[in-house]
Structures are given as structure tokens and as C-alpha cells.
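My notes follow, in the order I checked things.

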Amino acid sequence: MVTFFAEIPSGYIADKFGYLKTIMASGIIRALGLIILALSPMNLLWMTVSGVLTALGDSLQSGTMTSWIANKAVEHGEKDQLGAIFSGYSLIGTPLTMAATFVGANILGNIRLDLPLLIGAAFLLATSLTIIPLLKYDSQNLAEAEEGIPKLNLVADVKYTVKQEQKTFAWILLLLPVAIISAGPLDQWQMYFQRGKTVNSGTISVLMSLAGMLAISLYNRYVSKKPLSNKGQTRLIVVSTVMMAATLLGVVGLKNWYYGSLALFMLHTMFGSLENMLGGIVLQTTIMSVANALDAGAEVVILAINGFLSDRYGIGFAWVSLAVLGLVIFLLAIFGMQSKKLEVEEI
């Protein structure tokens, strides 16, 4: 809920004060949230404060770096290379995330559970400081800067986007059902695959990172260097979404075969990584704060439903139910989009 209400102001803050400054502030706020969580793990009030700070920090970071990259690409005439830029960016960041996750979960977490949190906070603070020399490359929305901070009104922004950016707003709505499919697995995979009391989620996280890297590498090698037509872009998103739902059904269906279920979950992760990157490419021309806020609002509802179904009927039942629901809504949206001939611009 905090993320939902913070997304729109975070977009204006980045536009007004600069994207890199916003990212630096995000790292500091998220670090503070981790420190509070590490020092007060059994205090509900302080855990809530930690969650609020983490959500605020995530909102400031969400879409800010990709917007900065997109703006710089346009500024230097590299808009056509955004697919390669984002895939290369993912291939650089993913190995670092993979190594940090493995060390934190499998090694530090089994020594003391607060160690990954404290060390993670230290890394966030250090990373925030490294942005200082880069601030000369910062950019902001100059039109917004000249006019001052506009009114923070989600309804008005949505109306503006619907009126002025019909195609991109159609894509925002089209990609919302993907959150219905992925919300449960993203939130609960540790519980679903964890065996025993030893913390070993780092190993599975490394496999997930490798799966995501493989998907991005294949895209970078065979797809990103080719111009995608409107039809081709839509086809990629449809295939990846359908496969996300199908592999998730297989994960639950093979629950008695642990390694088979885990292997299918890696396929699910591959298509999810591809879907996430494609969504970023498609939406980089629209108002990211609107897209992020609507996505966060949808997740408030989705996670509540997922939690209820998980508690009442089990995690597997919740995953399957939401995967089917999300896929049905997505396919209906695709048919509706095509019937109205709303296509994205050529990328």
C-alpha cells in the first residue's frame, strides 16, 4: 500500500530533482530500513517502520534508473539500441546480485540471520556514495523543472495518459494481468521449495539468476539486434506470458517430484525475466510513475487474495488459481487490444 501511494510522488521527485539524486536517496532510505529490521526482528512496530522505509526506497528506485538510461539513449540518438542496452544492463547486474544472494542466504544467513541485512545496508550506503561523482551526468525533466512541482494527482495523470498516450496506456493495462501470474511465486518461492531448517534459498536464487541470464542472453543474441514490428513485439509478450502460466501449472503438478518441479520453475523464471525486460522496453516512452502505481495497486489486491488462498487451501492451489485467472484476463485483453487496433509503435 505504501508503494502504491508513493509511486506517483516518486516520479515527480525524479523529474524535478534528477534521476541519479533520486536513486542515491533511495539507497540511503532502503539501507535504513534494513538496519531497523536487523536490530528489531521481533518488534512488530519497528518491523512495520522498516517495511514502510523499504517501500518508500523501492518506490524512489522503481523505474528511475531505466528512465535515466532511456533518456540518455534518446539524447545520444541510441533509442533503437534500447533492447541491447537493457539486456546488457541485466547481464552486468544479474551476476552481482546472484553472488550477493548466495553469500547472504547460504553462508551469512546460516551464521546469523541479521548479517545479510546489515551487510546489505552497508553496500546500499556505499553504492549511494559512488553516485556522487556521476551527478554531473544527472538529468531531469526540464519542462517540469521550469513549471515547478505539479499537483500529485494519480487520477489526473491516468486521464492524461489515456487521452494523450492511448497506445502505451493500453500496454500498461495489458501487462497488469502478468502481475496476477507472478505475484505468488515471487513472494513465496522460498517457502514452496525450502526443505529443512537450514537456510539454502541462496542456491535456488543463483539458479533463478542463471535462468534469467540465459533468457536475456538468448534475447540479446537472436532478437535485440533485429527491428521488431508491432506484431512481433506482441507475439513475444504473448508467448512469454502463456509460458509463465503453463510452467507454473507444471511446477504445482510435479510437487511430488522436487527436482522436476524446480526445473520447471527455472523455465518460469526465464520467461518471467524476458517478460519483465520486454515490458520495460515497451513502457519506456510512457509515464512510468503511472505504470508503477497501477501495478503496485494491483499487487495490493493480488497479494491479499494470494495470501487468503494460501492460508486456506495451500500455496500450490493459490498459484494455479491466480495463474489461470491472470492468463484468461491477459488473453481477453489481447483480443480486445487487437480488435481496437491498438498497437505499440515500432521499436
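**Ground rules.** I count a salt bridge when a side-chain nitrogen of Lys or Arg lies within 4 Å of a carboxyl oxygen of Asp or Glu. The model is predicted, so I keep local features to pLDDT of at least 70 and side-chain atom pairs to pLDDT 80 or more, while totals for chains, interfaces and linings use all residues. Residues are numbered from 1 along each chain as its sequence is written, and side-chain values use heavy atoms, with hydrogens and water left out.

**Salt bridges.** How many salt bridges does the structure hold? I find two.

I looked up Asp58 and Arg30 to begin with: their side chains form a salt bridge, at 3.2 Å from N to O. The two residues sit 28 apart and link distant parts of the chain, with Asp58 in helix α3 (residues 44-61) and Arg30 in helix α2 (residues 19-39). Helices here are DSSP runs of H or I with at least four residues, numbered from the N terminus.

For exposure I use relative accessible area: buried is under 20%, exposed is over 50%, and partly exposed is in between (1.4 Å probe, protein chains only). Asp58 is partly exposed at 33%, and Arg30 is partly exposed at 24%.

Next came Asp114 and Arg112, whose side chains meet in a salt bridge at 2.5 Å, N to O. Is Asp114 buried or exposed? Asp114 is buried, because its relative accessible area is 17%. Arg112, at 46%, is partly exposed.

**Packing of α2 and α3.** I then turned to the two helices that hold Asp58 and Arg30. Helices α2 and α3 pack at about 160 degrees, their axes 8 Å apart; axes are lines fitted to C-alpha atoms over the stretch in contact, and angles run from 0 to 180 degrees between N-to-C directions. That angle makes α2 roughly antiparallel to α3, a label for angles over 145 degrees.

Contact means heavy atoms within 4.5 Å. On the α2 side, the contact residues include Thr22, Ile29, Arg30 and Ile36; on the α3 side, Trp46, Leu53, Asp58 and Leu60 are among them.

**Thr22.** Thr22 is buried, with a relative accessible area of 3%. What is Thr22 in contact with, leaving aside its neighbours within four places in sequence? I list Ile13, Ala14, Leu60 and Thr64.

Technical notes. Angles under 35 degrees count as roughly parallel, over 145 as roughly antiparallel, 65 to 115 as roughly perpendicular and the rest as oblique.
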